[in-house]
Amino acid sequence: MDLTRFKKAPRNLNFEDLIIFENENYVVINKPPFVPSLDERTADRHLSILKLAREHYHDVQLCHRLDKETSGALVLAKNPEAYRHLSMQFEHREVQKEYHAVVNGVHDFDSVSVFLPIAIVKDGTAVRIDRQRGKLAETVFFTLQKFARHTLVRCIPITGRMHQIRVHLQCLNAPIVCDPTYNGDYIFLSQIKRKFNLKEETEELPLIKRVALHAHSIHFRDLDESLLSITAPYPNDFEVLVNQLVRFSS
């Protein structure tokens, strides 16, 4: 199924509307899906989170990245000292990030740790498990809620490799919904709602049209060593998906 026509950035995106936390050192946004963190060499290269941010803050820098389709908490530093301070925390694995994902299958994850090395494939668009040449990667998983055929999972990445959560969930036979790169199936309302009727000559579309992964929260230390804990609410598409599962598939 080709969902390309749906994978477009929101129109008239206003950076200030994305902000969920701000002080003199950092600004944290709730990144919408389909917007790249950095400029891309694509038709959408005119739009990125960094470019939007620099319309408001001259010296702002991205402290980390989220995949284009991933929504959620993204931190930017407003000055070089703040950037260095958070970079060191990332380097020493002192930043705690929590993601939520809707996955295929029913799973009981109670602090299940996946400790498998990851290597980027040749074209740079995906990763694979490579025990010889891969880089160390670890993710811990917890079940938040089980449904008839799916599970809402809490994901705690210990390391920060590209597509780490996605490929580690694939290794647990729990690929993320709408993630065909890692064998994640689409989810349709007809799968979970009884007596579902689709109008004739109408194509049923998936309940979510992107990888069902959301960066739910992030915890790190400010320059004065105080702890900052920021939570990013679910965006509309992820919230609708979870609500439909709760309503029809619990």
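Me: Is R210 buried or exposed?
Reply: This is a predicted model. In it, R210 is found in the loop between α5 (189-192) and β11 (213-221). Buried means under 20% relative accessible area. R210 has a relative accessible area of 0%, so R210 is buried.

Me: Which backbone atom lies 3.0 Å from a polar atom of the side chain of R210?
Reply: Leaving aside neighbours within four places in sequence, R210 is in contact with P33, F34, E69, T70, S71, V177, C178, P235, D237 and F238. One of these residues, E69, supplies the atom in question: at 3.0 Å from a polar atom of the R210 side chain lies the backbone oxygen of E69.

Me: Which residues touch the most other members of the largest nonpolar core?
Reply: The largest nonpolar core holds 50 residues. A second, separate core has 14 residues, including V28, C63, V75 and V95. In the largest core, the residues touching the most other members are F15, I49, L76, V102, L169 and I176.

Me: Which residues does V102 touch, not counting those up to four places away in sequence?
Reply: V102 belongs to the largest nonpolar core. Contact means heavy atoms within 4.5 Å. With residues up to four places away left out, V102 touches H150, T151, L152, I176, V177, A212, F238, L241, V242 and L245.

Me: What is the radius of gyration of the chain, and why does it agree with a compact globule?
Reply: The secondary structure comes to six helices and 12 strands, and the C-alpha trace spans about 60 × 45 × 35 Å along its principal axes. A compact globule of 250 residues would have a radius of gyration near 18 Å, so the chain agrees with this at 19 Å.

Me: What share of the contacts with a separation of 6 or more is between residues 24 or more positions apart?
Reply: Buried residues make up 48% of the 250 residues. The accessible surface comes to about 13,400 Å², and 46% of it belongs to carbon and sulfur atoms. Among contacts with a separation of 6 or more, the share from residues 24 or more positions apart is 64%.

How values were computed. Residues are numbered from 1 along each chain as its sequence is written. This is a predicted model: local features need pLDDT of at least 70, side-chain atom pairs count only at pLDDT 80 or more; totals for chains, interfaces and linings use all residues. Side-chain values use heavy atoms; hydrogens and water are left out. A nonpolar core is a set of buried Ala, Val, Leu, Ile, Met, Phe, Trp, Tyr and Cys residues joined through side-chain atoms within 4.5 Å. Buried means under 20% relative accessible area, exposed over 50%, partly exposed in between (1.4 Å probe, protein chains only). Helices (H or I, at least four residues) and strands (E, at least two) are DSSP runs, numbered from the N terminus. A polar contact is a pair of N or O atoms within 3.5 Å; within protein, one must be able to donate a hydrogen and the other to accept it, and residues adjacent in sequence count only if both atoms are side-chain atoms. The radius of gyration is taken over C-alpha atoms; the globule rule is 2.2 Å times the number of residues to the power 0.38. Accessible areas come from the Shrake-Rupley method with a 1.4 Å probe; for residues, only the protein chains shown count as cover.
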